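Please examine the model shown below with its open spaces, its helix packing and its backbone in mind. The paragraphs that follow take these topics in turn.

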Amino acid sequence: MSTLLVRHAEVLVTMDAQRREIPDGGLFIRDGFIEQAGPSAELPASADETLDLRGHVVFPGLINTHHHLYQTLTRALPAAQDANLFNWLKTLYPIWANLTPEAIRVSTLTGLAELALSGCTTASDHLYIFPDGCRLDDEIEAAREIGVRFHASRGSMSLGESKGGLPPDRVVETEDFILKESQRLVEQYHDPKPGAMMRVVLAPCSPFSVTADLMRESAKMARHYGVRLHTHLAETQDEERFCLELFGHRPVGYMETLGWVGDDVWFAHSVHVDDAEIGVYARTGCGVAHCPSSNMRLASGIAPV
């Protein structure tokens with residue numbers, strides 16, 4: 001077993017129930033888990049590795065619960081600057097259709113480095129477009145190089161324009177392939193142990209880019225393997241209209257029909273939800289990453305949090 005002693009921090013910000021801020025604070029860590037937090041004088045005198053952090057503030061790492069690292073490469077395109085979500089996506093889909101494995105790697109390294117420099121130590125990324133031989137493996141390898149704790153979401157799109165979906169047909173995959181890849185990735189990379197540095201999430205992209213069958217089969221697979229589920233939901237009024245017209249339900253109600261509610265599910269955005277739908281989340285234990293910057297950028301609205 002390996003141990004780490006962090007001591008003499010100018011201030012140790014605990015974020016515990018009492019919100020203690022400890023002068024000359026420190027931590028004693030064994031095999032990646034904090035065993036003690038308190039004044040440096042009260043900690044063990046030695047460890048396998050010791051960090052003297054005089055002049056530093058130590059605080060818990062931030063957690064990013066929804067990201068698209070590949071979009072780091074297309075943040076400032078003029079044509080996508082003044083658009084709502086659906087128009088923004090339609091502008092960028094043709095560009096993203098030319099992504100390469102190297103582009104996935106570089107965008108992952110860039111985005112995770114930015115996050116690490118801002119104090120983020122755990123990130124979940126939702127990669128759902130895989131042209132030109134791109135694989136989730138490309139960002140997993142890059143994430144390991146950066147060294148943050150990483151939840152890699154195997155996203156997917158199977159409902160192209162010709163079948164009533166939003167994305168162009170050239171960027172969607174067959175559902176058989178999506179499910180086989182999902183199984184391979186879970187079996188190859190998912191680490192269920194407490195404190196794991198790499199986990200895999202199954203994450204069909206959105207109600208307007210995948211079929212009900214894929215949502216159901218992904219949920220069945222995730223629960224078989226004990227991995228989490230993630231998707232975009234209730235982000236815009238356009239999505240709400242799409243769900244009502246195509247499925248006869250608002251987005252949250254549609255998720256209920258698919259078995260996509262529970263404490264193993266978290267949704268991105270959830271801007272357009274009413275009190276009853278918030279009650280569904282509360283009753284079933286669903287989580288939400290409400291993404292205020294994205295919602296403001298695309299004028300989607302403000303989540304009721």
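On a 1 Å grid over the protein atoms alone, a pocket is an open set of points with protein on both sides within 12 Å along at least five of seven lines, whereas a cavity is a set of points where a 1.4 Å probe fits but cannot get out; lining residues have an atom within 4 Å of a point. Grid points are joined across faces, edges and corners, and a volume is the space filled by probe spheres set on the points. The model is predicted, and local features need pLDDT of at least 70, side-chain atom pairs count only at pLDDT 80 or more, and totals for chains, interfaces and linings use all residues. Residues are numbered from 1 along each chain as its sequence is written, and side-chain values use heavy atoms, with hydrogens and water left out.

The domain assignment, which is automatic or taken from a database, gives domain 1 (3-58) and domain 2 (62-298). Taken over C-alpha atoms, the centres of domain 1 and domain 2 are separated by 36 Å.

Which domains contribute to the lining of the largest pocket? At least three of its residues come from each of domain 1 and domain 2. This largest pocket has a volume of about 970 Å³. Its lining consists of 35 residues, and Ile34, Phe59, Pro60, Gly61 and Thr121 are those nearest the centre. Two or more lining residues are given by each of strand S1 (3-13), strand S2 (21-30), strand S3 (33-39), strand S5 (57-58) and strand S7 (120-127). Here strands (E, at least two residues) and helices (H or I, at least four) are DSSP runs, numbered from the N terminus. S1 gives the most to this lining, with five residues. By residue class, the lining of the largest pocket holds 20 nonpolar, 11 polar and four charged residues. In this scheme Ala, Val, Leu, Ile, Met, Phe, Trp, Tyr, Cys and Pro count as nonpolar, Asp, Glu, Lys and Arg as charged, and the others, Gly among them, as polar.

The second largest pocket has a volume of about 830 Å³. It is lined by 27 residues, of which His67, His68, Gln71, Trp88 and Ser294 are the closest to its centre. Helix H1 (85-96), helix H2 (101-117) and helix H9 (292-297) are the elements that give two or more residues to this lining. H9 gives the most, with four residues. The lining of the second largest pocket divides into 10 nonpolar, 13 polar and four charged residues.

H7 is mostly covered, with six of its eight residues buried. These are Pro251, Val252, Gly253, Tyr254, Met255 and Leu258. Their cover includes helix H5 (212-225), S10, H6, S11 and H8. Just after H7, Gly259 has a positive phi of about 75°.

Most residues other than glycine have a negative phi. His8, which lies in strand S1, has a positive phi near 60°. Ser270 also has a positive phi, near 50°, and is found in the loop between strand S11 (265-269) and helix H8 (275-284). Ser270 counts as buried because its relative accessibility is 3%.

Ser300, in the segment after H9, counts as buried at 7% relative accessibility. Ser300 touches Glu235, Thr236, Val271, His272 and Asn295, not counting residues up to four places away in sequence. Ser300 and Val271 are 29 residues apart in sequence and 7.4 Å apart in space, C-alpha to C-alpha. Asn98, in the loop between H1 and H2, counts as partly exposed at 47% relative accessibility. With residues up to four places away in sequence left out, Asn98 touches Asp132 and Arg170.

Methods: Buried < 20%, exposed > 50% of the residue type's maximum accessible area, 1.4 Å probe, protein only. Contact = heavy atoms within 4.5 Å.
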